[in-house]
Every structure is written in C-alpha cells, then in structure tokens.
Amino acid sequence: MPELFAYTDGACSGNPGPGGWGVLLIARDGATVLKERELCGGEADTTNNRMELMAAISALESLSRASELVIVTDSAYVKNGVTTWIHGWKRKGWKTADNKPVKNVELWQRLELAQARHKVEWRWIKGHAGHAENERADALARAGMAPFKPSRPA
C-alpha cells in the first residue's frame, strides 16, 4: 500500500504581515514516488503561526477520501499543539494553562475537524536544514505569500 506524506510550511514577511503557506503531498511506494501535488496560498495580514496551521489544514482538507498519512512540519507550535496541548485547551474551554484564550482557536478547531477523518502521524523536522521536501514546502509558502507582498518600486 502506498504511503502518503504531506510536507507543510508557513512563511511571513513581518510577523504580522503578508504570509503564505505551502504543502507538498507525495505518495510513495517504498523509495518510488508515485504522485506529487503542490498546494499554496496566502493572506495579506497574518502571522507565521497562522500560516503554519493553514498549511496543515490545507493538506488535510485537500484529501478527497479518508487517508492514512504522515504530516511533516518544521513547526513545533503545530506539532505540539495538535498532539499534546489541544487536549488541555479543550478541557479548559479553549483556555491556556494560565487561563488565557487560546490564540488562533478557530484554526485549531478547523485543524482538529480536518484531521478527524484521517489517521495522521505528526513528525517534526528542523527547518532550513537542507531537507529537500521541507525546502520545497518553504518555496511554496513563499510563492503563496508573493501576491500579498507590496511590490518594490523599480
């Protein structure tokens, strides 16, 4: 059975500022790549964390049927949030340990809903460390951001 991987990344020019997200989906059979798909998008005024979340959400929402996949992210915020912190936030009515509202709550809720029909393994990798698929996801995130960045005068 083929394995499905989603490499996700977010980018922001200023934080907050124009931002983008990118996803590289790869179906593999062992070392053989069967299929690849690239996704990207962005927003005019956002944060890096929001774009990291949108990359993961977009990867999951792009799948037309329930799937088993590995999401590879360089965002400890996303990986730790979705695998650990979210359980406590929900128990406390979407409040943090110090009783403050969870930032980006609507995106966390959307991520939780998006992953509910899938079997997801979350993996963290160090960003900007020469990992080819992560670098491609980063380039997609920057491409998603490009339309929202003010152009420089010639």
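A pocket is an open set of grid points, found over the protein atoms alone, that has protein on both sides within 12 Å along at least five of seven lines, and its lining residues are those with an atom within 4 Å of a point. The structure examined here is a predicted model.

**The largest pocket**

The largest pocket has a volume of about 460 Å³. Its lining is made up of 17 residues, and those that lie nearest its centre are Leu4, Ala27, Leu63, Arg65 and Ser67. Two or more lining residues come from each of strand 1 (3-12), strand 2 (17-29) and strand 3 (32-46). Sorted by class, the lining of this pocket holds 8 nonpolar, 3 polar and 6 charged residues.

**The sheet**

Strands of a sheet pair through backbone hydrogen bonds, either parallel or antiparallel.

How many residues of strand 2 are buried? A residue counts as buried when its relative accessible area is under 20%, and 12 of the 13 residues of strand 2 are buried, so this strand is largely enclosed by the rest of the structure.

Strand 4 (residues 68-73) and strand 5 run parallel and are joined by 6 bridges. In this pairing, isoleucine 71 has tryptophan 122 in strand 5 as its bridge partner.

**Salt bridges**

The count of salt bridges in the model comes to 9, and the table gives some of them.

| Side chains | N to O distance |
|---|---|
| Arginine 136 and glutamate 36 | 2.9 Å |
| Glutamate 121 and arginine 123 | 2.7 Å |
| Lysine 100 and aspartate 98 | 3.8 Å |

Arginine 136 and glutamate 36 meet in a salt bridge, and this pair links distant parts of the chain, with arginine 136 in helix 4 (residues 132-145) and glutamate 36 in strand 3, 100 residues apart. Arginine 136 is partly exposed, at a relative accessible area of 32%, and glutamate 36 is partly exposed as well, at 39%.

In the pair of glutamate 121 and arginine 123, glutamate 121 counts as partly exposed at 38% relative accessibility, and arginine 123 is partly exposed at 37%. Elsewhere, salt bridges that share partners join Glu36, Glu38 and Arg136 into one network. Aspartate 98, the partner of lysine 100, has a relative accessibility of 52% and therefore counts as exposed, given that the cut-off is over 50%.

**A residue in helix 2**

Asparagine 80 lies in helix 2 (residues 76-91), and at 28% relative accessibility asparagine 80 counts as partly exposed. The C-alpha atoms of asparagine 80 and lysine 90, which are 10 residues apart along the chain, are separated by 14 Å.

Definitions and conventions. Residues numbered from 1 in each chain as written. Predicted model: local features only at pLDDT ≥ 70, side-chain atom pairs only at ≥ 80, totals over all residues. Heavy atoms only, no water. 1 Å grid on protein atoms, 1.4 Å probe; cavity = no way out; pocket = protein on both sides within 12 Å on 5 of 7 lines; lining within 4 Å. Points joined across faces, edges and corners; volume = space filled by probe spheres on them. Helix = DSSP H or I, 4+ residues; strand = E, 2+ residues; numbered from the N terminus. Nonpolar A, V, L, I, M, F, W, Y, C, P; charged D, E, K, R; others polar. Salt bridge = Lys/Arg side-chain N within 4 Å of Asp/Glu carboxyl O. Buried < 20%, exposed > 50% of the residue type's maximum accessible area, 1.4 Å probe, protein only. Pairing = 2+ DSSP bridges.
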